[in-house]
Amino acid sequence: MKNRTKRITVGLSGLLLALGAVSFTAAPGAPDPSAVSVVADAWEKSPVYVDPAASDQLSGEQADALAQRIERADKPVFVAVLPDDFPQQNLFQRLRAETGVTGVYAVRLGDGFDAKADRSVLTGNAVGNLVSLVQGEDTAAQLDHFVDQALAQAGGRAPDSWDGGPGHGISVGALVGVGVVVVAGAAGAYAIVRRKKRRHEEVQRESLRKLSVVVDEDITAFGEELDRLDFHPAEPGADDAMRADYERALDAYEKAKSYMAAATRPEDVRGVTQALEDGRFSLALLAARREGRELPERRAPCFFDPRHGPSVEDAAWAPAGGAERSVPVCAADAARLADGRDPMVRTVATESGERRPYWEAGPAYGPWAGGYFGGGILPGLLVGTMLGGMMMSPAYAADYGPGYGDAGGFEGGDFSGADFDPGDFGGGGDFGGGGDFGGGGDFGGGGSF
């Protein structure tokens, strides 16, 4: 992980040197296991590390089985079992910086357990809830339970350095004994990695192609709104506040166009729709100032079609076959619902060629919706819809990026080194009630650094 470009095409001599590190517990004479770097080095080979001083908490067989489950799931989940005298200050932040991979980090330390994760992999709320769920269990049961839930919910993919590891059922002894098998096995594993990468890229290209049609419609609609506005900064009655609103709207329009032109992945679209949402609110402010009305509060855009502009209230609505929930609506759709009529819904093309509401059209539209409805409200709006269900699936973030608008940058499993925002690396509580865990500020009741 310190060099993510390193591949598994190692030579026979490298395998011989690695024989002493196959076990999850360090062999006699190994480096001082109290150092964070030892844990990070072990995680480069396997997702599970058990400190020799904590080997009575998790057997080698249990650690192997847990590691194999994580590797088969292809998720960036890291587990460490450490003694209670392990250095605790800033533990999670140091582990994350030393390992350098976006992922979920779970630590059993003595009798305590806690975890943190990059938001591109698993949200801080999700991590905190999972940590609470497994408190009080013994080590093996606790780690099994946490890992099962984390694998089902985490996004991203496993680090490349795990490919071909013990969890894939490759006999290290056989590879050492037969050199040609080393080469063949490495080539085969590399081909698998390449196929996975090509599939991922194909999914992203097709998803971006679908999104580009919808986003271009949104950009065009916003440009037409600017034209209809017919505002001139020097017109009679215009003041500095109006001109600032207009300038922000123009900036948002240009940002949306440039962001879309530079987009290479589906998650890049979030920046486009965020810019458009900002621009429409600026137009709403400008309209209120020109008409002498009270300035509107900042609200989410209309759920049924963000092109309607900022919502003015919340209304009860239920998708076909789903439970009723409260959604933000524009004035026109609020009136339609109050009269028992259907709202004016944004429809998009599906794979069958028919047009459907965006929340029933497939996972490609998640990043588009995430940009409009970020900040944690989107999951509640989409519960019970096709898009909502897909966005909760384990594979969603790996193919389409986090859809809720609360994460960006590296995907789960990417090598970022020490380039991460501690504020985006959050989760658990206070290590099972143990206080601030050595005074390092890792927990302190906050859940984020």
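## A first look at this predicted model

The protein chain has an average pLDDT of 77, and 70% of the residues score at least 70; pLDDT is the predictor's confidence in each residue, from 0 to 100. This is a predicted model, so local features need pLDDT of at least 70 and side-chain atom pairs count only at pLDDT 80 or more, while totals for chains, interfaces and linings use all residues. Residues are numbered from 1 along each chain as its sequence is written, and side-chain values use heavy atoms, without hydrogens and water.

**Nonpolar cores**

- The largest nonpolar core has 49 residues, of which Ile70, Val79, Leu82 and Phe146 touch the most other members (a core is a set of buried Ala, Val, Leu, Ile, Met, Phe, Trp, Tyr and Cys residues joined through side-chain atoms within 4.5 Å; buried means under 20% relative accessible area, with a 1.4 Å probe and protein chains only).
- Apart from it lies another core of 46 residues, including Trp368 and Phe373.

**Asp333**

- Asp333 sits in helix H11, residues 331-338 (helices are DSSP runs of H or I, at least four residues, numbered from the N terminus).
- Asp333 is buried, its relative accessible area being 0%.
- Leaving aside neighbours within four places in sequence, Asp333 is in contact with residues including Cys302, His308 and Met344.

Conventions:
Helices (H or I, at least four residues) and strands (E, at least two) are DSSP runs, numbered from the N terminus. Buried means under 20% relative accessible area, exposed over 50%, partly exposed in between (1.4 Å probe, protein chains only). Contact means heavy atoms within 4.5 Å.
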